Amino acid sequence: MSFARGGEVAVLLLINDGSELSPAEKRLAQWVQWSPGQPGVALLNIEVPDRGYSRQLDALIWTPQRCIAVEVKGFRTRQDGVLVVPPNGPWRMDDGRIADIYGNDVDHNPMNQVRANTLAAKNWIGETTRRRFYIHGLVLVMLLPGQDIPALRAQNTPNLTDIVVEDFDVFRYYLHLDANDPARWTADLVDKVITRLGLSGLYGDDRDQLAAALGEIGARRSHYDTSDSPF
């Protein structure tokens, strides 16, 4: 399902089984819907082959310039203060408490998870397309109502990996900060990846929908009814 206004290019939102989305992941889907005038394809809730097994990814997002493996995390309980991301170990609040974020404890943290997901996506996409791509990693941290995280303190994050604490404007900027760079992802390449995942039916096997979303051709319709939300 894509959304366009006044003939603008708009991100194509594809959701594999929206009933499985967490509240934080549903908010990501809403953010994709709210991003006007930006080209891209967002594929949510997928399994990517990984060394004989499969690895769950919250989202793969393509812009013409980048492919981004997204890990969406939410807080279990409200904690206010600066969020601290050390080079190793669990993420913490600035008062020393372990941040009560899903997937964050003494044995795991969101950065480790997004790095593993990014590597799995990179290896499998390379095998599928027979081309080498950098895959970016993004941890998107969603907050509870009223929660106040005034700053993020993150040093020595891995190359091509970023963290965004709930901020819609920063998210939009992040997706398209290199929009003036040469395009690397085409509708044909994205179609090949999604088809190999078995999910091309989400856009009716209509490659032109991908081409329109990536700005390769004009959108066929200037308006899409947003009343039939996919989640």
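A: Gladly! Helices (H or I, at least four residues) and strands (E, at least two) are DSSP runs, numbered from the N terminus. Read along the sequence, the protein chain here follows the pattern β-α-β-β-β-β-β-α-β-β-β-α-α-α. That comes to five helices and nine strands. Please keep in mind that this is a predicted model, where local features need pLDDT of at least 70, side-chain atom pairs count only at pLDDT 80 or more, and totals for chains, interfaces and linings use all residues. Residues are numbered from 1 along each chain as its sequence is written, and side-chain values use heavy atoms, with hydrogens and water left out.

Q: How do I read burial, and what percentage of the 231 residues counts as buried?

A: Buried means under 20% relative accessible area, exposed over 50%, and partly exposed in between (1.4 Å probe, protein chains only). Of the 231 residues in the protein chain, 48% count as buried. For the accessible surface, areas come from the Shrake-Rupley method with a 1.4 Å probe, and for residues only the protein chains shown count as cover. The total for the protein chain is about 11300 Å², with 46% of it belonging to carbon and sulfur atoms.

Q: What is a nonpolar core, and which residues touch the most other members of the largest one?

A: A nonpolar core is a set of buried Ala, Val, Leu, Ile, Met, Phe, Trp, Tyr and Cys residues joined through side-chain atoms within 4.5 Å. The largest has 29 residues, and Val41, Trp62, Ile125, Trp185 and Ile194 touch the most other members. Among the elements that give it two or more residues are strand S2 (41–50), strand S3 (53–62), helix H2 (110–129) and helix H4 (187–196). H4 provides the largest share, five residues. A second, separate core has 23 residues, including Ala59, Ile61, Val72 and Tyr174.

Q: How do I read contacts, and which residues does Asp178 touch beyond its neighbours within four places in sequence?

A: Contact means heavy atoms within 4.5 Å. Leaving those neighbours aside, Asp178 is in contact with Gln65 and Arg66. Asp178 lies in the loop between helix H3 (168–175) and H4, and counts as buried because its relative accessibility is 11%. With neighbours within four places again left out, the contacts of Trp185 also include Gln65 and Arg66, along with Trp62, Ile125 and Phe133. Across the protein chain, residues 24 or more positions apart account for 67% of the contacts with a separation of 6 or more.

Q: How are strands put together into a sheet, and what is the order of the open sheet of three strands?

A: Strands of a sheet pair through backbone hydrogen bonds, either parallel or antiparallel. Here, two strands pair if DSSP finds at least two bridges between them. The open sheet of three strands has the order S6-S5-S8, with mixed pairing. Strand S6 (92–93) and S8 each have a single partner strand, so one side of each is left without a neighbour in the sheet. Strand S5 (residues 83–85) runs parallel to S8, and three bridges join them.

Q: What should I look for in phi, and where is Asn156 found?

A: Most residues other than glycine have a negative phi, and most peptide bonds are trans. Asn156, with a positive phi near 60 degrees, is found in the loop between strand S8 (152–154) and strand S9 (161–165). Leu160 is also in the loop between S8 and S9, and its phi is near 65 degrees, again a positive value. Asn156 counts as exposed because its relative accessibility is 63%, whereas Leu160, at 27%, counts as partly exposed.
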